[in-house]
Amino acid sequence: MTKVWRAFIFRWWEVTVIFDLIKARLVYYFKSPLFYIAVIVSLASGIYGGLYCSYFKDEVGAVISCSADDMWMLTAIWAVIVLVAMCAGREFSDGTIRNKIAVGHTKANIFISEICVASIITFIMYLLDIVPTAIGGWYFISEFPTSSAVKWFVNIFLAFELMSIFAVVITYLLTKRAVAVVGAFAIHFVLYIIVGFTDGYYYSIGEPRYITYTDTIICEDGTIKEEENEYENGYYIEGFSKTLIQIGHIANPISGLEDAIHFGCISDKTKVEDYVLKQKTNRKRDLDIDVIKMLAYCIATSCAGAYLFGKKDLK
């Protein structure tokens, strides 16, 4: 019974220590000018994103799709990456990490507290970006099934958090602010570029090789006629290429954000082709998987960072 009681006291003391470290780091963040710059950038990107969404309100048809532009969310994520990497890196440039270890704090507690603080700060930036976006795009979010709407918000939030965690891990392993900012930003940029090159193929999976469109033609005499033309789908893939694109999309940590941006629902199933129905089923499946996948990435990255930092020699 004594051993159990001692273990409980020790665990409670550990939690108290981490909580004290979190409070101290939050005070530092709130005093940093970089925090308020990031606030302005996140809020501005959210407002512009909301205005962008509102432009497409009158274009809603049988398919109700998310009209948000990921560029404005990415702008807020970039602000988070720079803020977290710079503030976390200051711990090393000022020698604060060594001082904390000298007074008895373990590297694990220091790292965990930094992850927690970065998560709190990132949540603030996420709210500043997503609230104006959601106000401007409420016409499509309100049409999503409730569970899908919740997952839509969660997936975007986890994309913010994962990039923030990456910034902490890279900063704590490289121990230099400037290098950490470049490294964290480079990882995010590469992941996004990969998605940019492959998402056209991924989100076209299920579409036929040839698609028939009705073109409206204005004749010389002013009359209008409609003409059906068949076009080859430039994003059509099959076989090994299709499998490779699917695996790459599933493995890419940033794909959760892109799946949210490409999500939508169908208001009238009788007005769309069968392949569109299949695509929307796939998008819902992706959104469901992304919640688990992105959360797993956040936990795995945090654990890996804690382990590697614990092994790192800071001398």
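The model is predicted: local features need pLDDT of at least 70, side-chain atom pairs count only at pLDDT 80 or more, and totals for chains, interfaces and linings use all residues. Residues are numbered from 1 along each chain as its sequence is written, and side-chain values use heavy atoms, with hydrogens and water left out.

**Confidence**

- The protein chain has an average pLDDT of 83, and 87% of the residues score at least 70; pLDDT is the predictor's confidence in each residue, from 0 to 100.
- Over residues 3–13 pLDDT stays under 50, and the model has zero contacts there beyond four places in sequence, a contact being heavy atoms within 4.5 Å.
- Where pLDDT is low, the predicted coordinates should not be read in detail.

**Cysteines**

- Zero disulfides are present in the structure, a disulfide being a pair of cysteine sulfur atoms within 2.5 Å.
- Cysteine 66 is in no disulfide, and the nearest cysteine sulfur, that of cysteine 53, is 6.1 Å away.
- Cysteine 66 counts as buried because its relative accessibility is 10%; buried means under 20% relative accessible area, exposed over 50%, and partly exposed in between (1.4 Å probe, protein chains only).
- Cysteine 116, at 28% relative accessibility, counts as partly exposed.

**Helices H5 and H11**

- Helix H5 (residues 107–136) packs with helix H11 (residues 274–311) at an angle of about 145°, and their axes are 9 Å apart.
- Helices (H or I, at least four residues) and strands (E, at least two) are DSSP runs, numbered from the N terminus.
- Axes are lines fitted to C-alpha atoms, for helices over the stretch in contact, and angles run from 0 to 180 degrees between N-to-C directions.
- On the H5 side, Lys107, Phe111 and Ile115 meet Ser302, Gly305, Ala306, Phe309, Gly310 and Lys311 of H11.
- The residues of this contact comprise four nonpolar, three polar and two charged (nonpolar: Ala, Val, Leu, Ile, Met, Phe, Trp, Tyr, Cys and Pro; charged: Asp, Glu, Lys and Arg; polar: the others, Gly among them).

**Two buried residues**

- Valine 181 lies in helix H8 (residues 177–202) and is buried, with a relative accessible area of 16%.
- Beyond its neighbours within four places in sequence, valine 181 is in contact with Val82, Ala85 and Met86.
- The C-alpha atoms of valine 181 and isoleucine 81 are 7.1 Å apart, while the two residues are 100 residues apart in sequence.
- Arginine 283 is in helix H11 and counts as buried at 5% relative accessibility.
- Not counting residues up to four places away in sequence, arginine 283 touches Tyr202, Tyr203, His262 and Phe263.
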